[in-house]
Amino acid sequence: MSLKATPQNLASEYAVAIYGKVLDAVRSDVLVHQAVQKVGDALFVQGRHIDLSHFDRIWIAGSGKASVEMAKAAAEILGDRLAGGLIV
């Protein structure tokens, strides 16, 4: 993430850099990529295994401020396995 700030000293530079790293660490898309992995027909959500071969279609539903970015990340992970969804 790029922050627009004009640090006046070294401490301000460090503060802006740290703040940027913190914001990057809590981005909803980053958190989804950390929590969800797909390997073949196996989906792992926080370590829990889901066998995708048991499902014909996978849909995403979500609401809230972070739901769009989270759904985009989930769509990237699921790829062509994703049938559609509704994000509000």
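This is a predicted model: local features need pLDDT of at least 70, side-chain atom pairs count only at pLDDT 80 or more; totals for chains, interfaces and linings use all residues.
View 1. The pocket has a volume of about 280 Å³, and its lining is made up of 16 residues, of which Ile 60, Ala 61, Met 70, Ala 71 and Ala 74 lie nearest the centre. The elements that give two or more residues to this lining are S2, strand S4 (58-62) and H3, and the largest share, six residues, comes from H3.

View 2. Glu 69 and Lys 72 form a salt bridge, in which the closest N and O atoms are 3.4 Å apart. Both residues lie in helix H3, where they are three residues apart, about one turn of the helix. Glu 69 is partly exposed, with a relative accessible area of 35%, and Lys 72 is likewise partly exposed, with a relative accessible area of 46%. By the rule applied here, the count of salt bridges in the model comes to three, and the other pairs are the subject of the next two views.

**View 3. A salt bridge between two loops.** The side chains of Arg 81 and Asp 41 meet in a salt bridge, with an N to O distance of 3.3 Å. Arg 81 lies in the loop between helix H3 (67-78) and strand S5 (82-87), whereas Asp 41 lies in the loop between strand S1 (36-39) and strand S2 (42-45), so the pair ties together parts that are 40 residues apart in sequence. Asp 41 is partly exposed, its relative accessible area being 39%.

**View 4. The salt bridge of Asp 29 and Arg 27.** The side chains of Asp 29 and Arg 27 meet in a salt bridge, at 2.5 Å from N to O. Asp 29 counts as buried because its relative accessibility of 16% falls under the 20% cut-off. Arg 27, by contrast, counts as partly exposed, at 36% relative accessibility.

**View 5. A nonpolar patch on the surface.** Leu 10, Tyr 14, Ile 18 and Val 22 form a nonpolar patch on the surface, and together they have about 420 Å² of accessible area. One of these residues, Tyr 14, is placed in helix H1 (residues 10-25). Tyr 14 is classed as exposed because its relative accessible area of 51% is over the 50% cut-off.

**View 6. The backbone at Gln 46.** Gln 46 has a positive phi of about 50 degrees, although this residue is not a glycine. Its place is in the loop between S2 and strand S3 (48-51), and, at 71% relative accessibility, Gln 46 counts as exposed.

Definitions and conventions
Residues are numbered from 1 along each chain as its sequence is written. Side-chain values use heavy atoms; hydrogens and water are left out. Patches are made of residues with over 30% relative accessible area and no salt bridge: like charges are joined within 9 Å, nonpolar side chains (Val, Leu, Ile, Met, Phe, Trp, Tyr) within 5 Å. Accessible areas come from the Shrake-Rupley method with a 1.4 Å probe; for residues, only the protein chains shown count as cover. A salt bridge is a side-chain nitrogen of Lys or Arg within 4 Å of a carboxyl oxygen of Asp or Glu. Helices (H or I, at least four residues) and strands (E, at least two) are DSSP runs, numbered from the N terminus. Buried means under 20% relative accessible area, exposed over 50%, partly exposed in between (1.4 Å probe, protein chains only). On a 1 Å grid over the protein atoms alone, a cavity is a set of points where a 1.4 Å probe fits but cannot get out, and a pocket is an open set with protein on both sides within 12 Å along at least five of seven lines; lining residues have an atom within 4 Å of a point. Grid points are joined across faces, edges and corners, and a volume is the space filled by probe spheres set on the points.
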